[in-house]
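The following note comments on the structure shown below.

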Amino acid sequence: RFANAPGHGRALPEIPALAAFLAGRSPRGGRVHLLLPQLADNGQAVPMSVAVDGPFSPGPHVSAIHLFSEANPVPEIAVFEFPVPVGRIEVESRIRLATTQRIVAVAAMSDGTLYSAVAEVIVTLAGCLDGT
């Protein structure tokens, strides 16, 4: 079962790397759909999908999607860049999660507008350790 978190009305978690990326900007809710399982038995390979609603032309297009982790040793877990406009944005991958936490997806548009979504995943077996 997957949790779809379009970001409407959900506060962003306090992640220093996310705050540095945002640099005081406030992303809008909507347009971004972050799909993660609500429960992950193993944090080693958690399926993840992120999509951004279009249409994008002739207006601003997605230039990048940034994924941030609330509790991983490296908080910016992925950046997907789109140097040229594309008609559809959907990325599927697997991510490694250290523990139960919230994941934030931020879509950066070519005009500087930001959109975000937040999803929480309960992890029963840690997927990454920070060595402490």
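1. Strand β3 (residues 32-37) pairs with β5 in the antiparallel sense over four bridges; strands are DSSP runs of E of at least two residues, helices are runs of H or I of at least four, and both are numbered from the N terminus. Pairing requires that DSSP finds at least two bridges between the two strands. Within this pairing, H33 has A51 in β5 as its bridge partner. The model is a predicted one, in which local features need pLDDT of at least 70 and side-chain atom pairs count only at pLDDT 80 or more, whereas totals for chains, interfaces and linings use all residues. Residues are numbered from 1 along each chain as its sequence is written, and side-chain values use heavy atoms, with hydrogens and water left out.

2. Strand β5 also pairs with strand β8 (residues 89-95), in the antiparallel sense and over seven bridges. In this pairing P47 stands opposite R94 of β8. Because six of the seven residues of β5 (residues 46-52) are buried, this strand is largely enclosed by the rest of the structure. Buried denotes under 20% relative accessible area, exposed over 50%, and partly exposed the range in between (1.4 Å probe, protein chains only).

3. Of its 132 residues, 43% count as buried. The chain exposes about 6,900 Å², of which carbon and sulfur atoms supply 52%; accessible areas come from the Shrake-Rupley method with a 1.4 Å probe. Among contacts (heavy atoms within 4.5 Å) between residues at least 6 apart in sequence, 68% join residues at least 24 apart.

4. Which residues have the most contacts inside the largest nonpolar core? They are V32, L34, L36, V50, V52, V62 and I65, in a core of 27 residues. The elements that give two or more residues to this core are β3, β5, β6, β8, β9 (101-109) and β10 (114-123), and β10 gives the most, with five. Another core, of nine residues, lies apart from it and includes I15, L18, L22 and L114. A nonpolar core is a set of buried Ala, Val, Leu, Ile, Met, Phe, Trp, Tyr and Cys residues joined through side-chain atoms within 4.5 Å.

5. A search of the whole structure finds one aromatic pair. The rings of F21 and F68 form this pair, which is tilted, at 5.8 Å centre to centre and 40° between the planes. It links distant parts of the chain, with F21 in helix α1 (residues 16-22) and F68 in strand β6 (residues 62-69), 47 residues apart. Rings of Phe, Tyr and Trp (its six-membered ring) pair if their centres lie within 6.5 Å; planes under 30 degrees apart count as stacked, over 60 as edge-to-face and the rest as tilted. F68 is buried, at 0% relative accessible area, whereas F21 is partly exposed, at 22%.

6. R25 lies over the face of F21, at 5.5 Å from the ring centre. R31 lies over the face of Y115, at 5.2 Å from the ring centre. The criterion is NZ of Lys or CZ of Arg within 6 Å of the ring centre and within 35 degrees of the ring normal.

7. I77 lies in strand β7 (residues 76-81) and counts as partly exposed, at 26% relative accessibility. Not counting residues up to four places away in sequence, I77 touches L67, F68, S69, N72, I95 and I103. I77 and I103 are 26 residues apart in sequence and 9.4 Å apart in space, C-alpha to C-alpha.
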